Amino acid sequence: MVEAQAQPNPSPDTSKVAARDRILDAAAELFGSRGYDAVSVAEIASAAGVSTALIYYHFADKESLLKDLFLRAGAVFEPLLESLDAGTGSARERLAEHVHAWAEAVLAHEDFIRLLIRPLVGSSGPLYAEVTARVAANIEALRRVISEGIESGEFIPIDPLLAAECLFALLHTRVLAGWLNADHGTDVGRDADDAAQFIVDVYIGGLVADTVAEEPEC
């Protein structure tokens, strides 16, 4: 008779990382749905299935936990901005690629995006300065690429900052719509790729200059 081999227990370091991730996930969900100020450490512990002592083992306080959420999200979103600046191809191609990548990341980290939206709506709280700085950096990256497209003649001559602000808003509309409609049972759809392609076709496509001369009317 062959005895089943015992499965190795996870190492202490692995268990600590898993617990820390559960705490961050729970905090992101609660902060995003209720707001930073309305959530207690005890509630985060309950949602994560850990003790408050374990939270304080990993984080000095609630604000430290919040800062780590920003660091974790930065590891996902900041490389996308770097790729937008360093990418090859036309301005339209770079924006289209960025829109698809950003839409996937937004949907995968919806709680964090809601966490960003809340202080912008309230215009106050410990997150406001941090959030506005990150939003400004995002919009500036989009503005640079749109400006390049305008200068090269690829895009129509419009205000690049206004165009960047509108594009940034569109990239987060589905998360905001889902949040606002959650209590009404409205399904806004969950396909990030379809949403991204819609933005590429309708918005970025609208920026493209018409290089085909119109035929004279007879």
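In this predicted model, the side chains of Arg143 and Glu140 meet in a salt bridge with an N to O distance of 2.7 Å, the term denoting a side-chain nitrogen of Lys or Arg within 4 Å of a carboxyl oxygen of Asp or Glu. Because Arg143 and Glu140 lie three residues apart in helix H7, about one helical turn separates them; helices here are DSSP runs of H or I with at least four residues, numbered from the N terminus. Arg143 is partly exposed at a relative accessible area of 23%, and Glu140 is likewise partly exposed at 29% (buried is under 20%, exposed over 50%, partly exposed in between, with a 1.4 Å probe and protein chains only). Residues are numbered from 1 along each chain as its sequence is written. Local features need pLDDT of at least 70 and side-chain atom pairs count only at pLDDT 80 or more, whereas totals for chains, interfaces and linings use all residues, and side-chain values use heavy atoms, without hydrogens and water.

Arg143 and Glu140 belong to a network of salt bridges that also includes Asp85 and Arg144. The side chains of Asp85 and Arg144 meet at 2.5 Å, N to O, and this pair links distant parts of the chain, with Asp85 in helix H4 and Arg144 in helix H7 (residues 128–151), 59 residues apart.

Helix H4 (residues 62–86) packs against helix H5 (residues 91–108) at an angle of about 175°, the angle running from 0 to 180 degrees between N-to-C directions of axes fitted to C-alpha atoms over the stretch in contact. The two helices H4 and H5 are therefore roughly antiparallel, a class that comprises angles over 145 degrees.

Technical notes: Parallel < 35°, antiparallel > 145°, perpendicular 65-115°, else oblique.
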